Amino acid sequence: MKLLRRVLDEIVANKSLLLFLGLMLMFRSAVADWMQVPTGSMNPTIVEGDRILVDKAAYGLRVPFTNVRLTHGGDPQRGDIVIFPSPKDGMTLVKRVVGLPGDTIAMHGERLTINGKPLDYASTQSSADDELPIATRGEQREYFSEALGGATHPIMVLPKRNAMRTFGPVTVPQGHYFMMGDSRDNSEDSRYFGFVARESIVGRAHRVAYSLDADRWYKPRGDRLFSPLN
């Protein structure tokens, strides 16, 4: 009884702090959060060690700690960078929306075609190249700009990797999306695990909060601080 009374006294004495922590957890669950990116599937847009900000209300408000939506919100758009659990194993993934409901998607030799129209590509360079892990910089790699959803973003290809470079055409079912990583030869995405249901999309990544370089004793990458994700 003494222990229980002591616990209750501590709760009462720290009720303001506990209320703050509870509200913060609810905010992170339903409105906005941040997450660390451990893999290179979104290189060069997102680099290993980036801590990205996620707008969890972008596609509708949810009841905290659940997948129950209070509002519908906007629908994911082609080119959005989104967060969702893998349909394969539930692991949290960060990918780009490539196909919308009803779209027909195909890829031939790394080049995407959407609804019968090939996307525009051009050889380019990436300012994030020097930020890549040593192992990735040791591989042959090429960068291309990809025009998707009215905007252009860079993608990376690794010609020596075994990867699915040709597939389809496939048609995206209603209420689902086709996701791909910007590092096209180093991404397990909808090519491998299929379509992603809208209700499972957690939110939209929109900015790098900060970034730490594991190859340089976790030195902060100053040029990535609060940089936007396109």
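This is a predicted model: local features need pLDDT of at least 70, side-chain atom pairs count only at pLDDT 80 or more; totals for chains, interfaces and linings use all residues.
**Strand pairing and aromatic rings**

His176 stands opposite Ala197, a residue of β13.

**Strand β12 and its partners**

- Strand β12 covers residues 176-180, and because four of its five residues are buried, the strand is largely enclosed by the rest of the structure.
- With strand β13, which covers residues 196-197, β12 is joined by two bridges, and the two strands run antiparallel.
- Strand β4, made up of residues 92-99, also pairs with β12 in the antiparallel sense, here over three bridges.
- Across from Arg96 stands Met180, which belongs to β12.

**The open sheet β8-β9-β10**

- Three strands, in the order β8-β9-β10, form an open sheet whose pairing is antiparallel.
- The edges of this sheet are β8 (121-124) and β10 (151-157), each of which pairs on one side only.
- Neighbouring strands of the sheet are turned against each other by 35° on average, when direction is ignored.
- Between β9, which spans residues 142-148, and β10, the antiparallel pairing extends over seven bridges.
- One example of a bridge is that of Ser145, whose partner in β10 is Pro154.

**Aromatic pairs**

- When the whole structure is searched, three aromatic pairs are found.
- For one of them, formed by Phe84 and Phe193, the ring centres lie 6.2 Å apart and the planes stand at 70°, so the pair counts as edge-to-face, given that planes over 60 degrees apart are classed in this way.
- Phe84 belongs to strand β3 (residues 81-85) and Phe193 to helix α4 (residues 190-193), so this pair ties together parts that are 109 residues apart in sequence.
- Phe84 is buried, with a relative accessible area of 1%, and Phe193 is buried as well, with a relative accessible area of 14%, since a residue counts as buried when this value is under 20%.
- Elsewhere in the search for ring pairs, Phe167, Phe178 and Phe195 are linked into a cluster.

Key. Residues are numbered from 1 along each chain as its sequence is written. Side-chain values use heavy atoms; hydrogens and water are left out. Rings of Phe, Tyr and Trp (its six-membered ring) pair if their centres lie within 6.5 Å; planes under 30 degrees apart count as stacked, over 60 as edge-to-face and the rest as tilted. Buried means under 20% relative accessible area, exposed over 50%, partly exposed in between (1.4 Å probe, protein chains only). Two strands pair if DSSP finds at least two bridges between them. Axes are lines fitted to C-alpha atoms, for helices over the stretch in contact, and angles run from 0 to 180 degrees between N-to-C directions.
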